[in-house]
Amino acid sequence: MKGSATWNPVMTTKILIIDDDPLNIKLVKSRLEASNYEVVTAMDGEEGLQKVNQDKPDLIILDDTITTASNSASSGSITIESSSFILI
């Protein structure tokens with residue numbers, strides 16, 4: 001790399017949090033941002049699926065009770081549409 005700048009993989013890692021509890025999102029988001037991760041959030045499965053396609057996160061932290069409008073578990077849809085790692 002030119003100059004004194006060095007590549008930092010943590011600064012380029014994007015994490016999506018999908019949870020319907022605002023307090024959970026706030027706590028996890030603040031801890032991750034303090035460690036220089038880029039954090040995107042969603043409050044439900046439908047919004048989460050949109051953010052997966054729009055933001056292309058490297059990691060997804062998913063509340064296990066989140067479902068999509070079709071009432072199916074979101075993790076199955078996300079696995080098909082994204083190569084992100086999913087933590088439930």
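**Charged side chains and their surroundings**

Author: Lysine 29 is partly exposed, because its relative accessible area is 28% (buried means under 20%, exposed over 50% and partly exposed in between, with a 1.4 Å probe and protein chains only). This is a predicted model, in which local features need pLDDT of at least 70 and side-chain atom pairs count only at pLDDT 80 or more, whereas totals for chains, interfaces and linings use all residues. Residues are numbered from 1 along each chain as its sequence is written, and side-chain values use heavy atoms, with hydrogens and water left out.

The side chain of lysine 29 meets that of glutamate 33 in a salt bridge, at 3.9 Å from N to O (a side-chain nitrogen of Lys or Arg within 4 Å of a carboxyl oxygen of Asp or Glu). Both residues belong to helix H1, where they are 4 residues apart, about one turn of the helix (helices, H or I with at least four residues, and strands, E with at least two, are DSSP runs numbered from the N terminus). Glutamate 33 counts as partly exposed, since its relative accessibility is 38%.

The structure holds 3 salt bridges. Another of them joins lysine 51 to glutamate 47, with the closest N and O atoms 3.7 Å apart, and this pair lies in helix H2, again 4 residues apart, about one turn of the helix. Glutamate 47 is partly exposed, at a relative accessible area of 26%.

The pair of glutamate 38 and lysine 14 also forms a salt bridge, its closest N and O atoms being 3.9 Å apart. Because glutamate 38 lies in strand S2 and lysine 14 in strand S1, this pair ties together parts that are 24 residues apart in sequence. Glutamate 38 is partly exposed, with 38% relative accessibility, whereas lysine 14 is buried at 17%.

Leaving aside residues up to four places away in sequence, lysine 14 touches Glu38, Val40, Asp55, Pro57, Asp58 and Leu59 (a contact means heavy atoms within 4.5 Å). The C-alpha atom of lysine 14 is also separated by 6.2 Å from that of tyrosine 37, which is 23 residues away along the chain.

Aspartate 20 counts as partly exposed because its relative accessible area is 43%.

Lysine 56, in the loop between helix H2 (45–55) and strand S3 (59–62), has a positive phi of about 50° although it is not a glycine, and lysine 56 is exposed, with a relative accessibility of 56%. Asparagine 36, in the loop between H1 and strand S2 (38–42), likewise has a positive phi, near 70°, in a residue other than glycine, while its 46% relative accessibility makes asparagine 36 partly exposed.
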